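Please look over the model shown below.

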Amino acid sequence: MKKIIIPLLTLCAMTMHAQKITYPATPKDGTVDEYFGTKVADPYRWLENDTSAQTAAWVKAENAVTDAYLQAIPGRSKLLERLRQVSNYEKVSVPFYRYGKWYFYKNDGLQNQSVMYVTDELGGTPRVFLDPNSLSNDGTVALKGVYFSHNGKYAAYSISRSGSDWQEFYVLDAKTGQLLDDHVEWAKFSGASWHGDGFYYSAYDLPEKGKEFSNVNEGHKVYYHRIGTPQSADQIIYMNPTEPKRFYSVSVNKEETMMFLFESGAGDGNNLYVRDLRIPNSQFIQMTSNMDCTYSPIENIGDKIYLVTNDHAPRSKVMMADIHNPGFSHWQEIVAEDNDVLDNADIINGKLLLCYSKDASTHAYLHQLSGERIREIKLPSVGSASFSGEKDRKECFYSFSSFTIPGTIYRYDIDADSHTVYAAPKVNFKQNDFVSEQVFFNSKDGTRIPMFLTYKKGLKRNGKNPVLVYGYGGFNIGLSPSFSATRIPFLEHGGIYAMVNLRGGSEYGEEWHQAGTKMRKQNVFDDFIGATEWLIAQRYTNSQRVAIQGGSNGGLLVGACMTQRPDLFKVAIPQVGVMDMLRYHLFTIGWNWASDYGTSADSREMFEYLRGYSPLHNLRPGTAYPATLVTTADHDDRVVPAHSFKFAATLQECHVGSNPVLIRIDSKAGHGSGKPMTKVLEEQADIYGFIMHNLGMK
């Protein structure tokens, strides 16, 4: 493979008169790859080097063009002000009990990061336990998790910087709040699981300088850190050099009698191992051997282990294992697979509390530990609920939200089967002015697909309404009703928000997931395209009033659909998307997505299929594409920004017509998690400003 990079980046003059935009000139190199005898050009390969001066100059030039366009949108400043108004409300988490104290998270409104509080009793006077806003001046240091030692003495917490997946651990004295000297770096995809006066965590070796956010991550190891010792003294307790592209992590139960080892990264699920900590020098015993299935411990009651699995149960079930005979063949079924999908399971106050997804909304049920159903827990309405509690305590809470109901915390009395509101947000919008409904339509192959619509009451189906269609469709991740304050201005101005439950997600179990993977991935795009066609046919809108949006795998969705049907959409917002399907597996943890996508190295057939929908490889010269705002960030080490860089450069080269095709590249930000509120609101003002302006919304 010959690779030549033109050393200098030539910039064209940047002007914007109405929709007239002059884009920066992006040099090409001579890179050509060969796949099974087929040559594929990759002329913007040099943009994969995200730390080069040449790439930095290109980023600066692209951002200058984009910023000029976005700042000139009429009403953007008013839109930002309205976004601040509707986002400025108190947000409180479900309280949780740890070793004699109650903890919860709260954001006063526009704080960059939520603050963790502690009280001596439920409902008592709170005091700050950990404020991540004090860890940086701009809010770009985010709290990832807090983990208490089982003796209640310590609390380890992890942070990420600038949105990266890399984590650092620090330790507090849980009683005094004093920061100890312990500091762990270069952890990734890890919690902290305590055992005695130390904790286990997962990390990679020190990455190559300058390649921290792009190089392939290999060799995940589990370490033990003892309090009061340097990281250099941490002991490797598990590694598997024969399988460098797998993830490993451990957890220890509250009684410190069992340790679980989780192995994933080679299929759609995980393997599970257990170790009896009461036996000196005990070894891990393998419990499962099918990494295409998931195995998730819920809790232990003595030597019994309650688990959720989809092994021989595509919609999942509850089983029980015994640590003395833990192999899967000896597991006992407790709650059989249902018609609906088991999303989550907890043991609270000695009862099994199971949450199922029925047509993408939560239904909750209480069961005996022996499996018998006691009753359904009636939730406030159609929406999403998440329960929290301890196996040996009576207190139970749940959060509930929908498209029009902000996240509300309820206290649930299990014995009396009664609910009381514990914390309800007060959002600056007229909640009763809006309505949500669920509709169903048939996709291209006749599959029935659900979709939620949210809009202002009194909407007329006259074929002229602006619509924003959102989807994801992958990795067994389902979409359920949720509240977002940043949608409010769009809805207030007559917009319809449509969320499609595409194949590839978890909405109807593993079969639904598999129907949107590998050489069935086109089903996902057909579902999304079908949703828009249905909305047009039902006279909600027309093709000049439709915007589509998705992030990560959803960014791939938007990229594929806008290249397959550029005539069907007016606006496209692919966010942090996987755009190069031939090379995605060569960066950071991209290899882990092969179970959903397959790779271009698998076979000629798989290569041809991927190339057939890869957004980057299906942009055609001389085509009029929708108004497009690609978004990415410099510290995204999940889906590296090179995907978006190369896609945007190619799009600007191929596109004809007056629609703007721009890229917004954030700094000190990553894939999205932990982004400070100031950055969130600026980004949302840009995205919604771009959407509303190009849909002709005043």
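How many bridges join strand β14 to β15, and do they run parallel or antiparallel? Two bridges join β14 (residues 193–194) to β15, and the two strands run antiparallel. This is a predicted model, in which local features need pLDDT of at least 70 and side-chain atom pairs count only at pLDDT 80 or more, while totals for chains, interfaces and linings use all residues. Residues are numbered from 1 along each chain as its sequence is written, and side-chain values use heavy atoms, with hydrogens and water left out. Helices (H or I, at least four residues) and strands (E, at least two) are DSSP runs, numbered from the N terminus. Two strands pair if DSSP finds at least two bridges between them.

- Strand β15 spans residues 198–203 and is mostly covered, with six of its six residues buried; buried means under 20% relative accessible area, exposed over 50%, and partly exposed in between (1.4 Å probe, protein chains only).
- Both faces of β15 are covered: one side carries Gly198, Tyr200 and Ser202, the other carries Phe199, Tyr201 and Ala203, and all of these are buried.
- Tyr200 in β15 is the bridge partner of Ser193.
- Three residues lie between the strands in the hairpin of β14 and β15, where Gly196 takes a positive phi near 65 degrees.
- β15 also pairs with strand β16 (residues 221–226), in the antiparallel sense and over six bridges.
- Within that pairing, Val222 in β16 is the bridge partner of Ser202.

**Sheet β22 to β25**

- Strands of a sheet pair through backbone hydrogen bonds, either parallel or antiparallel.
- An open sheet is formed by four strands in the order β22-β23-β24-β25, and its pairing is antiparallel.
- β22 (295–301) and β25 (332–335) stand at the edges with a single partner strand each, so one side of each has no neighbour in the sheet.
- From one strand to the next, the twist averages 35 degrees; axes are lines fitted to C-alpha atoms, for helices over the stretch in contact, and angles run from 0 to 180 degrees between N-to-C directions.
- Six bridges pair strand β23 (residues 304–309) with strand β24 (residues 317–322) in the antiparallel sense.
- Val318 in β24 stands opposite Val308.

**Sheet β26 to β29**

- Four strands in the order β26-β27-β28-β29 make an open sheet with antiparallel pairing.
- Its edge strands, β26 (341–348) and β29 (373–377), each pair on one side only.
- The twist in this sheet averages 25 degrees from one strand to the next.
- β26 and strand β27 (residues 351–358) pair over seven bridges in the antiparallel sense, and Leu342 stands opposite Tyr356 in β27.

**Thr362**

- Thr362 is found in strand β28 (residues 361–367).
- Thr362 counts as buried because its relative accessibility is 14%.
- A polar atom of the Thr362 side chain lies 3.1 Å from the backbone nitrogen of Ala385.
- Apart from neighbours within four places in sequence, Thr362 is in contact (heavy atoms within 4.5 Å) with Cys355, Tyr356, Leu379, Gly383, Ser384 and Ala385.

**Cysteines**

- A disulfide is a covalent bond between the sulfur atoms of two cysteines.
- The count of disulfides comes to zero, where a disulfide is taken as a pair of cysteine sulfur atoms within 2.5 Å.
- Cys561 is in no disulfide, and the nearest cysteine sulfur, that of Cys654, is 18 Å away.
- Cys561 counts as buried, at 0% relative accessibility.
- Cys293 is buried, with a relative accessible area of 9%.
- Cys396, in strand β31 (residues 396–401), is buried with a relative accessible area of 1%.
- Leaving aside neighbours within four places in sequence, the contacts of Cys396 are Ile348, Leu353, Phe387, Ser388, Tyr410, Arg411, Tyr412 and Ile414.
- Cys396 and Tyr365 are 31 residues apart along the chain, and their C-alpha atoms are separated by 14 Å.

**Helix α8**

- In helix α8 (residues 604–613), the buried residues are Met606, Phe607, Tyr609, Leu610 and Tyr613.
- Seen down the axis of α8, these buried residues fall within an arc of 165 degrees, so they line one face of the helix; the arc is that of the directions from the helix axis to the C-beta atoms.
- The buried residues of α8 pack against β3 (32–35), β4 (38–41), α5 (522–537), α6 (553–564) and α7 (594–597).

Methods: A polar contact is a pair of N or O atoms within 3.5 Å; within protein, one must be able to donate a hydrogen and the other to accept it, and residues adjacent in sequence count only if both atoms are side-chain atoms.
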